[in-house]
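Please look over the chain shown here, with its sequence and its model side by side. The report that follows is meant for a reader who is meeting it for the first time.

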Amino acid sequence: MPRFSVIVPAYKVQAYLHECLESVLEQSYPDLELIAVDDCSPDACGAIIDEFAARDARVRAVHLPENVGLGRARNAGLEQATGDYLIFLDSDDSLTQDALRAIADRLKETSEPDVLVYDYARTYWSGEAVRNQFAAQLTEQGPAPFRLADRPGLLRVLMVVWNKAYRREFVEREGFAFPPGYYEDTPWTYPVLMSAETIATLDRVCVHYRQRRHGSILGTSSRKHFDIFEQYDRVFAHIDSRPELAPWRPVLFRRMVDHFSTVFVRRGRLPRGSRAEFLRKSRAHYRRYRTPGAPVPLRTRVRHALVRLGTHRAYRLLSLASHVRRHTVYRAKALLRRTRGAALQLHYRVQLRLPLRADRAVFSSYWGRGHGCNPGALESAFRTWAPHITTAWIAHAEHHHTIPASTRRLRPATAAYWTALARSKYLVNNVNFDRRLVKRPGQIMIQTQHGTPLKHMGLDLQDRPAASRGTDFAELLRSVDKWDYCLSANRHSTLVWERVFPSSYTTLEYGLPRNDVFQQATSGDVTRLRESLGIPESAVAVLYAPTYRDYRRTQRRTLDLERMLRQLGPRFVVLTRAHHSYAGSPASAAPSSSGRLIDVSDHPSIESLCLASDVLVTDYSSLMFDYAVLDRPIVIHADDWEAYEAARGTYFDLRAFPPGAVARSEDELIDIFATGHWRGSRSAQLRAAFRERFCPYDDGRAAERVVRRVVLGETAGLPPFIPLAERHPVPSAAAARPAPPLATVPPPGGAVPATENL
C-alpha cells in the first residue's frame with residue numbers, strides 16, 4: 001500500500017500534462033501511486049498518460065468512455081486509490097521539489113491527521129510567482145493537530161481541493177465525493193474541513209498553481225456558472241444533516257454571499273442577458289440561508305447589499321456610485337501627491353538658503369533600507385571618533401528598527417528628509433542620493449560603494465542592455481560629480497571606480513568599513529550569533545548567497561539545497577540569503593521541516609551572517625571579497641558563468657583566479673563538501689592568493705581612517721595598515737573543532753558509495 005495516491009484528472013491540457021506528471025514522479029519521496037484520469041479528452045492527454053504508465057509502474061491510467069467533468073473524473077480516481085493519503089492535483093499545475101517528502105514528514109510529526117493543509121504559489125505565464133496572500137494562516141506554531149474551530153482562519157485560504165492531503169480512511173468513512181458541475185470544490189472542501197477531527201498545516205509552498213494567459217475554465221462565459229447555487233445547496237444540506245455543524249452556518253452564509261458576488265462582478269463569466277437572472281437566484285439563496293452572526297467587513301458590504309437586493313438596476317446604481325467614488329478618490333490622491341511634492345520642493349529650496357550645519361551628518365544605504373553596510377559602519381565610527389557630529393539615518397519606516405537609538409531616524413520624501421539633505425555638512429551613501437539633491441558649497445559627500453567589483457559597473461554597462469536596463473548615463477555622471485570621496489578596498493577597485501565613474505573626487509584606499517567587524521569580533525560574538533540563528537553547536541554552517549542575474553526575467557534558486565543537505569548528512573546547516581533585489585519572493589528558500597535550511601534573507605546584517613557561518617557558497621556576488629577578509633573557506637558555484645559573463649560582463653575570469661574550490665554543477669558542489677575539498681590545502685592556497693590581491697587594507701580600522709581624514713582633517717598619522725600575516729580575524733566555529741572521521745556519502749550520480757573525508 002503506497003503512502004500517497006496522487007489523483008490527476010486531465011482534459012484538454014496536453015501542453016501542460018507532461019510537466020504535471022513529471023513533477024509527481026520526480027519527487028524525492030517515491031512511495032506513491034499516480035492515478036491519471038483521461039476524461040475522454042479530445043487532444044493527446046490519453047496518449048501522454050499511456051506513455052507515462054508504460055515507463056513507470058507507479059502510474060495507473062484510467063480512461064473514461066465519455067467526458068464527465070472534473071468532479072466525476074476525480075471520483076473515478078478515488079475509486080482506484082489505495083494510498084494512505086489522497087492528494088489531488090490539477091493537470092496544468094505541478095508539485096514543487098520535495099513537496100511529498102515535506103508533506104510526509106509533517107503528517108508524521110502531527111500524528112496522521114485527517115487533513116493536512118499546505119501552501120501554494122500562483123505562477124504566471126510571464127514567469128512571475130506569487131505566494132498565497134493568506135499564508136500566515138498556515139503557521140505551524142501552536143498545538144497540532146487541531147479542529148477547524150481552533151483555527152477558523154483556515155477558511156480564508158483558497159477553498160480548493162488541491163492544497164490538502166486527505167487520509168483515505170477518513171474520506172471513505174464520511175462518504176465524501178465530488179458532485180458534477182462547476183465549483184465542485186465547494187461542497188467538498190467545506191464539509192471536509194468542518195467534519196475533520198484532526199487537521200494540521202504545513203507552512204510550505206507545495207503546489208505551483210498555474211495562471212494561464214487566457215484564464216481557467218471558470219473564467220469562460222457559460223451558464224454553467226449557475227451550478228454554484230446547487231453546490232451551496234449541497235453544503236447547507238450537509239450542515240443540516242449534522243446538527244453539531246450548525247455553528248458554522250453564519251460563516252458559510254457570508255462565504256456564500258462573497259462567492260456569489262465574485263462570480264457576478266467578474267467580467268465575462270455570465271453570458272449576456274443572464275446577469276439579472278443570476279442576481280434573482282442569488283437573492284433567493286440569500287433569503288433561504290440567511291444566518292446572521294458573521295461580521296461583514298466594510299469593504300464588502302456593498303457586494304452583500306447587491307446580493308440582498310438582487311436587482312440589476314440596483315447593481316448598476318451601486319456600480320456607478322462606486323465608480324464615481326473611486327474616480328474621485330483617485331483624482332484627490334493624485335492632486336494631494338502633486339501638492340505635497342511641490343510643497344516639499346519649496347521647503348527644500350528654502351532650506352538651501354539657510355546656513356549649513358557643520359555638526360550634522362546624514363547617512364543612507366541601498367535606497368532607504370536599514371542601518372548597515374559601509375554607511376552603517378561609518379555612522380558608528382562618527383559617533384566614536386567625532387562625537388560632536390549629530391548623525392541621522394534615512395530609511396523607510398519598516399527598517400527603522402535597525403537604526404541605533406542614538407541616531408535620528410528620517411523617512412524619505414518628508415520635510416525632515418529634505419532639511420537634512422539641504423543643511424547637513426556630511427552626506428554618506430553606498431548608492432546615489434535623490435537626483436534632485438543640490439550639492440552645496442561646503443557639503444562633503446562620501447560614496448562608500450558596497451563591495452569590490454567583479455561584474456561590470458558604471459560606464460562599462462553602456463553596451464550591456466540586459467544589465468543597464470535603460471540607465472540614464474548622463475544623469476549617473478551628474479550624480480558622480482557630487483562625490484567628494486570614494487572608498488576603495490584595493491587597487492583593483494580604485495582602477496575600476498576611477499574609470500567607470502570618472503570625476504574629480506578623491507579615492508580613499510583605506511579598506512571597507514563594513515569589514516572592520518571581522519577583525520574586531522570575538523569567539524563569544526560568534527557563539528551568540530549562531531545561537532540566535534538556531535545553528536546547532538556542532539554543525540557546519542554554510543552561508544549560501546547568490547547574486548542577481550541580469551539576463552533572467554525571474555530570479556530562481558539554481559541549487560536544490562534540500563537535496564544537498566540530504567546528501568551531506570545532518571552535520572551541515574545552510575543559511576540561505578536571497579539577493580536584496582528579490583528577497584521574499586519564491587526564489588527565497590522556505591525553511592525546511594528539519595530546521596537545517598534557514599532562510600536569512602531578511603536578516604539585517606550580512607556581516608553577522610558571515611561571522612556565524614563556517615563557509616561561504618556563492619556564485620558571482622561581491623560578498624566573496626568581504627568574506628575573504630575572514631580567511632574562511634569559500635566555494636564558488638559557477639554553473640552559468642558563460643551566460644552571466646555575456647549578459648553582465650566581468651573584470652576577470654573568476655574560474656581562473658578563484659578564492660577557493662569551484663563547482664560547475666550541483667553534483668560537483670556536493671562532491672566538494674563530501675570530500676572535504678572545501679577546506680583542504682588547495683582551497684587555502686587559492687584563498688591566500690585571493691586575499692593578497694583583494695584584502696590588503698581590511699585590517700579593522702578602515703572606518704577610523706575615513707573619519708579621521710574626512711571629518712577631523714588628519715592627513716598624517718593615520719593608523720598604518722597591518723600586514724596580512726599579522727592579522728587575526730575571529731575563527732569560525734568549525735575551525736576550532738577537529739576534523740571528523742571518514743564518512744560514506746553516496747555520490748550524486750551513481751549507486752556506488754565513495755568514502756570521503758568530511
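Val-130 has a relative accessible area of 35%, and so it counts as partly exposed. In this predicted model, Val-130 is placed in strand 7, which covers residues 129-131. Together with Tyr-124 and Trp-125, Val-130 forms a nonpolar patch on the surface, and the accessible area of the three together is about 320 Å².

## Confidence in the model

The chain has a mean pLDDT of 88, and 91% of its residues reach 70 or more. Over residues 583-593, however, the pLDDT is below 50, although this stretch has 23 contacts in the model beyond near neighbours in sequence. The pLDDT is also below 50 over residues 741-758, a stretch with 39 contacts in the model beyond near neighbours in sequence. Where pLDDT is low, the predicted coordinates should not be read in detail.

In soluble globular proteins, nonpolar side chains tend to be buried together. Here the largest nonpolar core has 98 residues, and those with the most contacts inside it are Phe-4, Leu-34, Phe-88, Ile-103, Tyr-118, Tyr-166 and Trp-188. Helix 8, residues 249-265, gives the most to this core, contributing seven residues.

What does Ile-103 touch, not counting residues up to four places away in sequence? Ile-103 touches Phe-4, Ile-87, Leu-116, Tyr-118, Ala-165, Leu-202 and Cys-206 when those residues are set aside.

## A mostly covered helix

Helix 19 runs over residues 561-568 and is mostly covered, with seven of its eight residues buried. Just after helix 19, Gly-569 takes a positive phi of about 95°.

## Salt bridges

Side chains of opposite charge can pair when their charged atoms come close. With side-chain nitrogens of Lys or Arg within 4 Å of a carboxyl oxygen of Asp or Glu counted as salt bridges, the count comes to 47. One of them joins Arg-234 to Glu-230, with the closest N and O atoms 3.9 Å apart. Both residues of this pair, Arg-234 and Glu-230, lie in helix 7 (residues 227-240), four residues apart, or about one turn of the helix. Arg-234 is partly exposed at 31% relative accessibility, and Glu-230 is also partly exposed, with a relative accessible area of 48%. The side chains of Arg-528 and Asp-525 meet in another salt bridge, at 2.4 Å from N to O. Because Arg-528 and Asp-525 are three residues apart in helix 18 (residues 523-533), about one helical turn separates them. Asp-525 is partly exposed, with a relative accessible area of 24%.

A salt bridge also forms between Asp-619 and Arg-549, whose closest N and O atoms are 2.7 Å apart. This pair links distant parts of the chain, 70 residues apart: Asp-619 is in the loop between strand 20 (615-618) and helix 21 (623-627), whereas Arg-549 is in the loop between strand 17 (540-544) and helix 19. Asp-619 and Arg-549 are both buried. Elsewhere, salt bridges that share partners join Arg-74, Asp-90, Glu-184 and Asp-185 into one network.

## Two buried loop residues

Arg-577 is found in the loop between strand 18 (572-576) and strand 19 (597-599). Is Arg-577 buried or exposed? At 11% relative accessibility, Arg-577 falls under the 20% limit and therefore counts as buried. Leaving aside neighbours within four places in sequence, Arg-577 is in contact with several residues, including Arg-369, Tyr-544, Ala-545, Pro-546 and Val-600. The C-alpha atoms of Arg-577 and Gln-519, which are 58 residues apart along the chain, are separated by 23 Å.

Val-711 has its place in the loop between helix 25 (702-710) and strand 23 (742-745). With a relative accessible area of 14%, Val-711 is buried. Apart from neighbours within four places in sequence, Val-711 is in contact with Phe-382, Ala-386, Ile-389, Tyr-426 and Val-706. The C-alpha atoms of Val-711 and Ala-358 are separated by 9.9 Å, although the two residues are 353 residues apart along the chain.

Notes: Residues are numbered from 1 along each chain as its sequence is written. This is a predicted model: local features need pLDDT of at least 70, side-chain atom pairs count only at pLDDT 80 or more; totals for chains, interfaces and linings use all residues. Side-chain values use heavy atoms; hydrogens and water are left out. pLDDT is the predictor's confidence in each residue, from 0 to 100. Contact means heavy atoms within 4.5 Å. Buried means under 20% relative accessible area, exposed over 50%, partly exposed in between (1.4 Å probe, protein chains only). Patches are made of residues with over 30% relative accessible area and no salt bridge: like charges are joined within 9 Å, nonpolar side chains (Val, Leu, Ile, Met, Phe, Trp, Tyr) within 5 Å. Accessible areas come from the Shrake-Rupley method with a 1.4 Å probe; for residues, only the protein chains shown count as cover. A nonpolar core is a set of buried Ala, Val, Leu, Ile, Met, Phe, Trp, Tyr and Cys residues joined through side-chain atoms within 4.5 Å.
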